[in-house]
Amino acid sequence: QEPRQQRLAACETLLLCMPLEVTSLGAREQSTLRAVVQQLLEPEAPTIEELASSLRIDGAGVGDEVRPFLHYRLLLLLQKQPHAFAHPRAFVEWATRQLNVLANGLAGALRTSRHQPHQPRAAGGGSAASSPPLLPGPADEGGGGGAAASEASLLAELRACVDRITASLGSYTSVALEAQEAQLRARAAACATVPVAISAAMAEMAEADASPASSAPLS
């Protein structure tokens, strides 16, 4: 991502680790948060309130405790619609940030899971401690080569999926901008006909006032 997108993603991650209603924070916390965001972002960047609004899922029954976690980004991508943003390009930039955070988080989970030791099985088939790692360990794959190959394959598939979605977002931007420009041109054309129609109506009224029938005295 470009530096601006990276800084925005960092601010979004920070906001997701605290209440999205900034006014619920104390005066000191609000002041500190605004100072941090101001240092990260340029003056023309979105405000804290605008960023928080783009990270809110209304009516989805999602609790505050879910927001700091990775799968909340997926919920955002599934729930947020383009019309919630002021401009198609703003939606695409926002969606690209969420997608990259989600993809990099998944990649990190895949890489770290291979190095986690297997937990012994408890009686009855359950795990004695936490869940098993996402990828097989070295003992399952013959010294680790198979696990590394599986990891590389999954990461390549993840990157290909991200590239396809990113390309689709780029196509959406072009289509949405063309539609928006066509709508603006139609509005401009409609507005241009208003003075002409008014002038024509006034001319007809002037002709009617000047006609002999209208100026003839009543008998």
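Rings of Phe, Tyr and Trp (its six-membered ring) pair if their centres lie within 6.5 Å, with planes under 30 degrees apart counted as stacked, over 60 as edge-to-face and the rest as tilted. By that rule the structure holds three aromatic pairs, and Phe85, Phe91 and Trp94 form one aromatic cluster. The model is a predicted one, in which local features need pLDDT of at least 70 and side-chain atom pairs count only at pLDDT 80 or more, while totals for chains, interfaces and linings use all residues. Residues are numbered from 1 along each chain as its sequence is written, and side-chain values use heavy atoms, with hydrogens and water left out.

The overall plan comes next. The protein has seven helices and zero strands, where helices (H or I, at least four residues) and strands (E, at least two) are DSSP runs numbered from the N terminus. Of its 219 residues, 26% count as buried, a word that stands for under 20% relative accessible area, with exposed for over 50% and partly exposed for what lies in between (1.4 Å probe, protein chains only). Residues 24 or more positions apart account for 61% of the contacts with a separation of 6 or more, a contact being heavy atoms within 4.5 Å.

Lys80 counts as buried because its relative accessible area is 14%, and its side chain reaches the backbone oxygen of Ser53 at 3.1 Å.

Phe91 is also one of the contacts of Tyr172, which, neighbours within four places in sequence left aside, touches Pro82, Pro88 and Val92 as well. Tyr172 belongs to helix H6 (residues 145-210) and is partly exposed, with a relative accessible area of 28%. Although Tyr172 and Val92 are 80 residues apart in sequence, their C-alpha atoms are 8.1 Å apart in space.

Another loop, the one between H3 and H4, holds Arg67, which counts as buried because its relative accessibility is 9%.

The pockets remain. On a 1 Å grid over the protein atoms alone, a pocket is an open set of points with protein on both sides within 12 Å along at least five of seven lines, and lining residues have an atom within 4 Å of a point. The largest pocket has a volume of about 350 Å³, a volume being the space filled by probe spheres set on the points, which are joined across faces, edges and corners. Of the 16 residues that line this largest pocket, Pro46, Glu50, Ser54, Phe85 and Ala90 are the closest to its centre, and the elements that give two or more residues to the lining are helix H1 (3-16), helix H3 (48-54) and helix H5 (88-113).

The second largest pocket has a volume of about 170 Å³, and of the 11 residues that line it, the closest to its centre are Val37, Gln38, Ala45, Pro46 and Thr47. Helix H2 (27-40) and H3 each supply at least two residues of that lining, and H2 gives the most, with three residues.

Key. 1 Å grid on protein atoms, 1.4 Å probe; cavity = no way out; pocket = protein on both sides within 12 Å on 5 of 7 lines; lining within 4 Å. Polar contact = N/O pair within 3.5 Å; in protein donor to acceptor, adjacent residues only side chain to side chain.
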